Structures are given as C-alpha cells and as structure tokens.
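I opened this notebook page to record what I looked up, topic by topic, in the structure shown here.

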Amino acid sequence: MTSVGFPRALGTCYYPEHWPQEVWAKDAQMMVESGLTWVRIGEFAWSRFEPKPGVLELEWLEEAIKTLTSAGLKVVLGTPTATPPRWMLDKHPDMLAVDAEGRPRGFGSRRHYCFSHAGYREESRRITGILAEVFGSSVAAWQTDNEYGCHDTVLSYSDAALEAFQDWLEARYGTIEALNAAWGNVFWSMEYDRFDQIGLPNLTVTEPNPAHVQAFRRFSSDQVVAFNRAQVEEIRKWSDAPISHNYMGRVTDFDHYDVGADLDIATWDSYPLGFLEDRVGASSERQKAFSRQGDPDFQTFHHDLYRAVGKGRWWIMEQQPGPVNWAPYNPAPLAGMVRLWSWEAFAHGAEAVCYFRWRQAPFAQEQMHSGLLRPDSAPAAGLAEVRQVASELAAAPQVEANVADVALVFDYDAEWAWAVQPHGQGLSYFDLVFEHYRALRRAGLNVDIVAPTTRDFAAYKAVFAPGLMYLSDDLRHALETADCPCVLGPRTGARTLDFEIPVPLPPALSGLDVTVTQVQTLRPDSPVALAGGGYAVGYIETLDGSATAILENISGACLAVQTQNLIYCGAWLDEAGLDRLVALVADSADVSIRSLPDGVRVRRTATQEFWFNHNAHTVDTEAGPMAPASVIWRDL
C-alpha cells in the first residue's frame with residue numbers, strides 16, 4: 001500500500017470514448033500546456049471495455065493511455081462498476097437495487113446495482129481484475145467505482161439485500177434470543193423465532209423498531225465496504241499504484257472511514273454552487289448572497305473530513321469549473337472562484353485538484369454540465385483560472401501541514417442514529433456538527449476532523465464532539481481524561497449500541513455531575529433565549545446536577561455545564577450561542593480567536609496563512625483589502 005504523497009498538481013477528467021481518436025493527442029497536448037498533470041479516465045466505459053459478455057475490447061483504452069502518458073500526463077484509471085452495461089441485466093436480472101417503496105432502480109442512467117447482489121459483486125471483481133492485470137503497470141493511480149452512495153443508492157430493499165441482512169444479523173447476534181433481547185422485541189410483540197423471519201425495515205404500518213433500522217444502516221454500510229474491498233484486492237494483485245475512491249458532499253449512508261481503511265487516498269467531488277442549492281441547507285438569503293461563490297464552509301468541511309478518511313492523503317477528483325446541470329439552479333461561478341476553490345483545497349492539504357470535465361459533452365444527461373472546454377473545443381471561462389493556478393503553483397512554496405488547534409469528531413454511526421430518531425423535524429447530526437464547524441471557522445480556527453476511533457487527543461488544545469448518540473466506553477474514557485477542554489452534547493451517550501436508553505441516564509461522564517432528565521424539541525418559531533445573547537433552537541435538554549453552569553436561558557435554567565476539562569451542552573445553539581460557546585472554550589484552552597468578516601475565512605499552514613474572500617464585494621481584513629472572490633497568502 002503506497003503511503004508517500006504526490007507533488008501538488010492539477011488534473012482533469014477525460015472520456016476518450018466520447019471523442020474521435022484523432023483528437024486525443026491534441027487534447028493531451030493542450031492539457032499539458034494548460035499546466036495539468038493528472039487525467040482520470042475509464043470509470044463509465046464498461047460497455048466499451050466489454051460490449052458483450054466475455055468479449056473484451058481494450059485496445060482503444062491501451063491507445064488512449066499511451067497517448068496521454070506520452071504527452072507527459074499521469075493517468076488515474078477508474079473501475080467501471082458504477083455503470084454496468086445493459087447485457088449485465090440480462091445475465092443478472094435481479095441485480096437492481098430496490099427503493100424503500102419496493103420499486104426497482106432501473107437501467108437508463110447509472111448506479112443501477114445492489115451492493116448485496118453476489119453475482120454483480122463477482123462481475124465487478126472480474127472486470128477489475130482484468131483491467132488491473134492489463135494496465136497495472138501503465139497507470140499512476142486507481143479509482144474504484146464512482147461516487148458510492150450518490151443518488152441514494154446505498155440502502156437497497158431487494159431480495160439480495162434481505163438474504164444478506166439476515167445472514168449479517170445471525171453473524172452479529174448469534175442467537176435469535178439475543179437479537180430479541182437487544183432490540184427490545186417484546187414491545188408490540190415483535191419477537192422472532194428465526195433469523196429468516198426478519199424482514200427489511202420498510203413498508204411497515206408505522207415506524208419500525210429503531211434498533212432494527214440502525215442495524216440495517218450498519219449492514220448496508222458494511223456491504224459497501226465489502227464491495228469496495230473486492231475491487232481493491234484485485235488491483236493489488238497486479239499494481240503498486242495507489243488506490244482511491246471519489247466520495248461526495250453530504251453523502252453519509254455508509255461509513256467512509258471503513259471504506260477508506262482499504263484505500264491509499266481519499267478523493268471527493270466538489271461542486272460548490274450545486275451543493276449550495278441542493279444540500280447545504282442555507283437560508284434563501286444566504287443562497288442568494290453566495291449563489292455564485294458557494295457556501296464559505298461546506299467545501300472545507302469536506303476537505304477536512306476527507307483528509308481524515310484518507311489518513312492524511314486526499315484529492316479533489318472533480319472540481320466544478322463552471323455551471324453544472326443537476327441543481328435546482330445552476331449559475332456560473334463568479335470570476336475568481338475557480339482559482340479560490342483550487343487554492344482553498346491546497347491550503348487544506350490536497351495533493352491534487354482535478355476539474356470536471358475536460359470538454360463539455362454535447363449529448364446525454366450531462367450535456368448542460370460545463371467543462372474546461374466548450375463542446376466545440378474552444379476554451380470555457382474556467383480554463384483561464386486553471387492556467388493561472390498552474391502558474392502560481394509552480395512559483396509557490398509547497399504547503400506544509402500542521403496540527404490544528406481544535407479536533408472535531410464526526411461519526412457516521414451517529415449520523416444514522418439521528419436519522420433513525422431525530423425527535424424533531426429537520427434535525428440531523430450532520431447539521432449539528434457542521435454548525436459547530438462553521439462557528440470554529442468564524443473564529444479563525446483551523447479544524448482537524450477526526451474519526452470516532454480516535455483515542456489520543458494530546459496534540460489538540462480543544463475537542464468538540466457534539467451529538468454522539470452512542471459513546472463507546474473507550475472513547476468516553478479518552479475524552480474524560482484528555483488534557484484539554486472537551487465539548488460534548490446534546491444527545492451524547494443517549495443510546496446504547498442497540499438503541500436502548502442507558503441507565504444511568506446520559507451523559508454519564510466521570511467527573512461531570514450532570515444528568516439529562518428530560519428532552520424536548522422546539523418548533524422553529526419557538527427558540528429559547530439565552531441569558532447574555534443567542535438562542536437554543538431545535539433541541540433542548542433539562543440538565544440536573546452540581547456541575548458549574550456556563551450557559552443559562554433567560555429563566556435561569558442551565559443549558560451548558562463544565563467541570564475541569566469536560567463541558568456538556570444540552571442544547572442545539574444558534575450562531576450567536578455557538579460563538580459564545582466557542583469563545584468560552586477558547587478562553588479555557590488559552591487559544592486566540594478572531595472575529596472574521598462574514599464570508600472571509602483563514603487557513604494556517606506550518607509556514608503560511610491563507611485568506612479567502614467568498615464575498616462578491618471587497619472586504620477590509622487584517623491582511624488588507626480583499627477583492628471579491630479572491631485569495632491571498634502571507635508567510636508566518
């Protein structure tokens with residue numbers, strides 16, 4: 001497994017099967033002249049690799065790779081398993097995923113398979129092995145599949161998933177009696193006699209048992225891990241090149257840390273303007289203000305998350321260079337934003353930023369998705385900024401990583417638990433953690449997102465771990481004994497591993513005398529005012545105990561408490577409330593914070609400080625006036 005990183009570079013995504021062979025060399029030359037190093041190919045080309053079962057046509061791919069590498073480019077070869085060809089369905093008609101309403105996810109676009117289908121998993125292993133054997137020494141890196149989980153494709157309610165889930169449950173619980181006890185199936189007479197009686201948690205009359213749903217979420221994630229691992233095993237038989245997968249923004253249906261454990265590099269696909277419209281969750285006013293720049297924190301949240309998933313190594317495999325085709329609204333980036341997004345990624349430690357795509361397709365579903373070239377091969381607007389970044393990279397010193405002041409725990413299992421039992425409309429773990437991340441960034445702090453398997457926090461001055469519904473004993477102990485302030489809650493330790501309310505009641509932290517005696521969710525029009533400014537919104541707990549109150553509501557009820565290093569916050573706080581909490585923690589940790597202008601963000605490396613203005617207007621900062629959509633850096 002390769003662990004040494006590549007030099008910082010730019011790249012693009014290319015589809016030689018879409019274009020006449022006579023343009024490949026010209027494209028490759030133009031890529032090099034534009035300052036690009038990497039080119040990803042092949043991830044959607046199975047029907048051209050194998051037009052009929054067992055009939056391989058790889059000569060064109062060999063010629064494409066030769067053309068690109070001869071020009072000086074490095075090739076990332078994708079396995080084509082996100083787009084099985086039509087003949088595959090004739091061979092395996094039951095391979096399609098099924099949605100929660102019992103409807104097959106049919107052929108005609110992409111990702112039309114169920115992770116649990118053994119036959120399709122073996123077909124994926126087979127084609128991966130063929131490509132690895134033929135091209136293992138020709139390519140510089142690999143990508144498995146494409147965007148696991150995109151289009152809500154992790155949770156499948158197929159017959160294959162049902163059978164695999166029953167086997168998974170038997171392996172996990174051993175006996176049906178143990179499962180009944182763990183799930184509390186005495187409630188509503190839900191007890192089972194055999195594992196093959198257990199169905200999937202959909203199409204029930206009312207809500208299914210939350211323990212059943214959480215088990216299904218964990219099973220579904222494990223199926224993605226196993227599917228990916230089968231491909232990794234085949235590649236490693238034939239190639240020493242590093243292996244990656246391109247994750248997505250706010251796709252959380254599988255545990256990315258578990259998938260990443262088998263890989264060398266985490267990559268992700270960054271579409272700031274599309275994401276602002278369809279998944280950030282910003283207000284309409286915020287969407288309007290940043291419609292051509294993207295949310296100032298959403299991209300960097302994922303940079304920091306995937307740096308953790310990649311164990312320090314991460315890329316952007318697809319960076320938006322112009323309007324996309326799939327969001328509710330698809331504006332063009334403000335001039336300067338393609339450059340800003342690129343430098344922002346490098347400031348957060350990216351090895352490569354690759355733009356999607358090289359040339360805009362004149363056909364099919366993505367014909368309205370812009371590229372670096374127009375369909376007529378003339379340069380599109382983003383290419384000039386890409387060339388500017390390439391020139392700047394050649395002259396700029398390499399970014400040297402440093403450990404952030406603050407660690408922020410992100411746990412996929414907690415995300416599923418909140419989704420299973422949000423207790424209030426619109427409440428999600430992702431939003432809770434993301435809003436803490438925003439507050440830390442507003443304060444000018446670097447953040448390391450860390451996995452819930454982290455046990456050593458000695459490098460950090462503060463730790464934030466909100467919303468961990470299940471808190472393992474060893475993580476609990478690590479936080480209790482950390483030599484820095486640790487912020488937990490709300491809902492920390494609120495459920496056992498099998499979704500039972502624990503006794504003693506949460507949070508049950510050694511050394512912190514506080515107990516959650518009641519929980520309630522708040523209407524959006526009924527926030528609870530804090531004494532001193534800010535509000536509790538969405539979720540609030542009643543706290544009992546002798547720990548010192550550090551935040552109260554205007555009626556004097558305690559909302560956050562502290563004893564030594566442990567801080568428990570029993571409320572979902574708004575921006576003003578979170579800013580106050582961050583300031584309190586920073587003071588306790590002796591960490592300096594800033595009050596940054598709206599839309600301005602700072603990232604410190606070991607030797608430099610980067611400033612980013614995401615606004616469409618000039619902003620005065622301590623680094624000097626910053627033009628709209630601009631980035632500046634200075635030595636420390």
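Predicted model: local features only at pLDDT ≥ 70, side-chain atom pairs only at ≥ 80, totals over all residues.

Aromatic pairs. I searched the whole structure and found 51 aromatic pairs. One of them joins Phe6 and Trp315 edge-to-face, with 6.3 Å centre to centre and 70° between the planes. I noted that this pair links distant parts of the chain, since Phe6 sits in the segment before β1 (9–13) and Trp315 in strand β7 (residues 314–319), 309 residues apart. Trp315 has 2% relative accessibility and therefore counts as buried.

I then looked up Tyr247 and Tyr306, which form a stacked pair at 5.2 Å centre to centre, with 10° between the planes. Tyr247 belongs to strand β5 (residues 243–247) and Tyr306 to helix α12 (residues 298–309), 59 residues apart.

Sheet. I traced an open sheet of 3 strands in the order β20-β21-β24, paired antiparallel. Because β20 (600–604) and β24 (630–635) each have a single partner strand, they stand at the edges, and one side of each lacks a neighbour in the sheet. Between β20 and β21 (residues 608–613) I found 5 bridges, and Val602 has Trp611 in β21 as its bridge partner.

Surface. I recorded a nonpolar patch of about 400 Å², made by Val186, Phe187 and Trp188. Val186 lies in the loop between α7 (176–183) and α8 (210–238) and is exposed, with a relative accessible area of 65%.

Key
Residues numbered from 1 in each chain as written. Heavy atoms only, no water. Patch = residues over 30% accessible without salt bridge, like charges linked within 9 Å, V, L, I, M, F, W, Y side chains within 5 Å. Areas by Shrake-Rupley, 256 points an atom, 1.4 Å probe, with all protein chains shown as cover. Salt bridge = Lys/Arg side-chain N within 4 Å of Asp/Glu carboxyl O. Helix = DSSP H or I, 4+ residues; strand = E, 2+ residues; numbered from the N terminus. Buried < 20%, exposed > 50% of the residue type's maximum accessible area, 1.4 Å probe, protein only. Pairing = 2+ DSSP bridges. Phe/Tyr/Trp six-rings, centres within 6.5 Å; stacked < 30°, edge-to-face > 60°.
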